[in-house]
Structures are given as C-alpha cells and as structure tokens.
Amino acid sequence: MTRDDLIAWYRATRERTRSLFDLVRPEAYYDRPIFLRNPIVFYEGHLPAFAVNTLVKLTRGKKGVDEELEILFARGIDPEDETAIKSPTELWPSRREVQAYGDAADALIEETLAEPDEATFTILEHELMHQETLLYIFHQLPYEQKIKRLSAPAPIRDSPSRALEGSVTIPAGRVTLGGTPGTFGWDNEFPPMTVEVPEFTIDAHNVTNGSYLEYMNATGVSAPHFWQRGEREWYRRDFFEFTPLPLDAPVYVTHDEATAYARWKGKRLPTEAEYERARGGEGEGNFDFRHWDPVPAGSFAPNDAGIYDLVGNGWEWTSTLFEPFPGFRPMPSYREYSADFFDGAHYVLKGASSATARELIRPSFRNWFRPAYPYVYATFRCAQ
C-alpha cells in the first residue's frame, strides 16, 4: 500500500466513526449507557489519542498534540463488575475541545503516515474494532436519545420455510489456528499452530430466538438481555426500535447462557479449533454495517459443508478460554493488547457481527469477552 492508500483508508475510517457519533443526540454525550465502560465522550477522544500515542509518540518518537488529553484518553476499562470501576476523571472536556483535538490529531497522523508497518495497521484496525464497540454502547441508549437512520432491507431467504435445525458432521483432520507469518495480525494471532481435531458434529444454523424461547418455557430461565417482555408477547430490542421477537433470527446471549442451553440439549459449545474446521470459505454475510440488527438465520448461502452464517450476523461463542498460542510475543506497538486478558476470565469468539468491519474478517482474528457480559452481539451454535 502507498502512503496515499493509507491516508485514504484512515480518512474513510475516521469518517465512519464520525457518522456513528452523529447517531447520538447531544444531551447524551456524557452518559454512560454501559456502566462497565466509560461515558461516550471518552471514545470520541480515545480513538485519535490512541493513534497519536501509538503511531506518533511510541513508534516514531515524536511529540503529540496535547499530553494531558493523550493521558486522559489513553485506554478504556474492562472491570469485572461495577465495584471495580475506576473512572479516569469526574470532569470531562467539552465536546468542542474533544473534536478540536481530534482534528489536530488527524492532521498529525496524516502527516506521519508513511508505510504499511505494524503501528499503522494497529491504529487502523483498532478504530475499526471500536466502531463495533460504539454500536454496543449506543444500543443501550433510550431510543429518544438516538437519531434514527434507515437500514437496507433484510435479504430474503431462498427457502423461507426451511427448518433451522440439523447438524453437519466434520471429519477428523488438522486445522491451523493463527495468522500467516509476514502479514499483519494482532499478537494473539501468532505464532500459528496446527491442531488435530477429532470428528465432531456442529449445528448447521445458529440457535434462534424461537429455539431459545422453547428452552426458556421449559426451564424457567431468565430472558436474554436483548429481549423485552410486552403485554402479550416478547420483543427484541433492536438498535432503533422494539420489534416483535423474530423467531428465526439468531439469539444474542452471554457465554454463560449459551453454555447452559447447550447442556440442556445434551450438547456443548464448539472449541475454537472446531469452529475453524467448520468455517470453510468466507462468502457473504451480515457484516460491515450491512444491517443494524441480525437478520433471519440462513439468509445467505452456506459454506461448502452446508453450514450457515459462520461469518456475520453475530459473533459466535466458543468453549475456548482466551489464551496465548505457544511462542506468543506481545506486539511492540501495543504490548498490553492481549496480555492483560490472558486471565482465565475471557472466552474466545469467532466470526463477525453486523457491526464488524470487513477488514477484520479473517480466519485468524480472535475476539474475546467475559462470560457474563450481555452487551456484545454474540450468538452460538451447539456441537457434539
């Protein structure tokens, strides 16, 4: 990639980020829709500050824009619960100050961009990941605090009456986890390792809202976070409005909820290696902001094994704890990116959601969250 290519990519990424902040009405700017995360103001400052801290100051050894703001907006939080929350400040800058800093930071970044090295891809992909984080946070705002935008119509399945059940047997074989040496990836993607995977079966579709509702009715468990009970029926809390619960769409749940459902079915969650054995080609799917919300399961063509939606429409929980591959080394541009989360308290997710940028969709990419965190766009399927 040339310098002009990098600048164009950076500008396009920043433009999408600004458009996402424009979804929020001004009165909600200092709100904290997810109490386990910082208020909205933090993220508008964090993205340009991270780029300056990483590319300009750490990697190039040059001066930043505003040392005080670059400390304030340096890093987010991931507390175990509300008692562990540590806010970096009680008095946040005005939005005008934050946006002025962002403009100055953008100019400095564009001046600094030169070659497609690790630090450059780090700041670009970091912002792409945070765009999805912003959607998680903004999703929790009351509807009156958001400015509604239209979405593309949901795709129509070739066979709307097709049963969203059935499983596929994957024969025993090898799978390589991790990225290709010499290409960019986050440190937890390297070094690659080959794993022998015994034969297993895996659901052809994600578990749907309809299947989860049957489980709820049979066991009396609580409803998932994205559901809302009406007077006579269940609704799904979509990004811009409540809609009658679509029974054929994937259910979004926590890892704990997914594990319990699988156990009730006499099954389990797939491992990371099993997921990759089943994955096959990328194909199309509900990702890269194609839709604001999940669409019916099976809306896109299956992979060669006959499995649907392995990439898109919701990240997929695995039973694999987020741990380093043998020979792991922290990346110089962001040494704490993965290492702080190898704590036995986070699980690997694979695939993508509707808010996952296209550039992040590669087999080696690993997402991770705490097992009880309810806000992520995460679904699951069962294995045996």
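**Stop one: a helix pair**

Find the place where α1 passes α4: the crossing is right-handed. Keep in mind as you look around that this is a predicted model.

To get both helices on screen, select residues 3-21 for α1 and residues 95-112 for α4. Their axes sit 10 Å apart, and the packing angle is about 165°. Angles over 145 degrees count as roughly antiparallel, so α1 is roughly antiparallel to α4.

Now show side chains. On the α1 side, the contact is made by Arg3, Ile7, Tyr10, Arg11, Arg14, Arg18 and Phe21. From α4, pick Arg95, Gly102, Asp103, Asp106, Ile109, Glu110 and Glu111.

Next, move to the open sheet of 3 strands, where the order is β5-β6-β7 and the pairing is antiparallel. Which strands are at the edges? Select 227-229 for β5 and 242-244 for β7: each of these pairs on one side only. Neighbouring strands here are turned by 40° against each other on average, ignoring direction.

**Last stop: the helix across the strands**

Finally, select residues 209-219, which is helix α6. Helix α6 lies across β5 and β6, and runs at about 55° to β5.

Notes:
Residues numbered from 1 in each chain as written. Predicted model: local features only at pLDDT ≥ 70, side-chain atom pairs only at ≥ 80, totals over all residues. Heavy atoms only, no water. Pairing = 2+ DSSP bridges. Helix = DSSP H or I, 4+ residues; strand = E, 2+ residues; numbered from the N terminus. Axes fitted to C-alpha atoms, helices over the stretch in contact; angles between N-to-C directions. Contact = heavy atoms within 4.5 Å. Parallel < 35°, antiparallel > 145°, perpendicular 65-115°, else oblique. Left-handed = near helix turned anticlockwise from the far one by under 90°.
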